[in-house]
Amino acid sequence: GFSSVEATIVYYADKRVAHDKIMPLAERLQEGRARNSPETIGTEGAAELDKKVELLEEELCEMAGIKAEDISALKG
C-alpha cells in the first residue's frame, strides 16, 4: 500500500498522464511498458499489475464520487 491518499493519487496520476495529456489508462500502461520494460509485455505479471492499477482507479474514483470516464473527458 501507499503511505497516504496523496501518495496514491500521485502514483495514479503518473499512470494516467503523459507530459500534459490525460490518456486512457490501458493505453498509458501499454505505452509505459513498451518504453520501460518491453520484455514484460503479454506476461502474467504485467496483466496482474494492470489489474491492480485498474482496481486502484476504481477505488479512487469511488472515493471522489466520479467515474473513470469523467477523468478521460478532462482536457489536459
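**Helix packing**

Mentor: Helix H2 (residues 25–36) packs with helix H3 (residues 44–64) at an angle of about 140°, their axes lying 11 Å apart. In general, two packed helices are described by the angle between their axes and the distance between the axes. Axes are lines fitted to C-alpha atoms, for helices over the stretch in contact, and angles run from 0 to 180 degrees between N-to-C directions. Helices are DSSP runs (H or I, at least four residues), numbered from the N terminus. The model is predicted, with local features needing pLDDT of at least 70 and side-chain atom pairs counting only at pLDDT 80 or more, whereas totals for chains, interfaces and linings use all residues. Residues are numbered from 1 along each chain as its sequence is written, and side-chain values use heavy atoms, with hydrogens and water left out.

Trainee: Which residues of H2 and H3 make the contact?

Mentor: Leu25, Leu29 and Arg33 of H2 meet Ala46, Leu49, Asp50, Val53, Glu54 and Glu57 of H3, where contact means heavy atoms within 4.5 Å. By class, 5 of these residues are nonpolar, none polar and 4 charged.

Trainee: How do H1 and H3 cross, and at what distance?

Mentor: The axes of H1 (residues 5–16) and H3 cross at roughly 120° and come within 11 Å. The H1 contact with H3 involves Val5, Thr8, Ile9, Tyr11, Tyr12, Lys15 and Arg16 in H1, and Leu49, Val53, Leu56, Glu57, Leu60 and Met63 in H3. That contact has 9 nonpolar, 1 polar and 3 charged residues.

Key:
Helices (H or I, at least four residues) and strands (E, at least two) are DSSP runs, numbered from the N terminus. Ala, Val, Leu, Ile, Met, Phe, Trp, Tyr, Cys and Pro count as nonpolar, Asp, Glu, Lys and Arg as charged, and the others, Gly among them, as polar.
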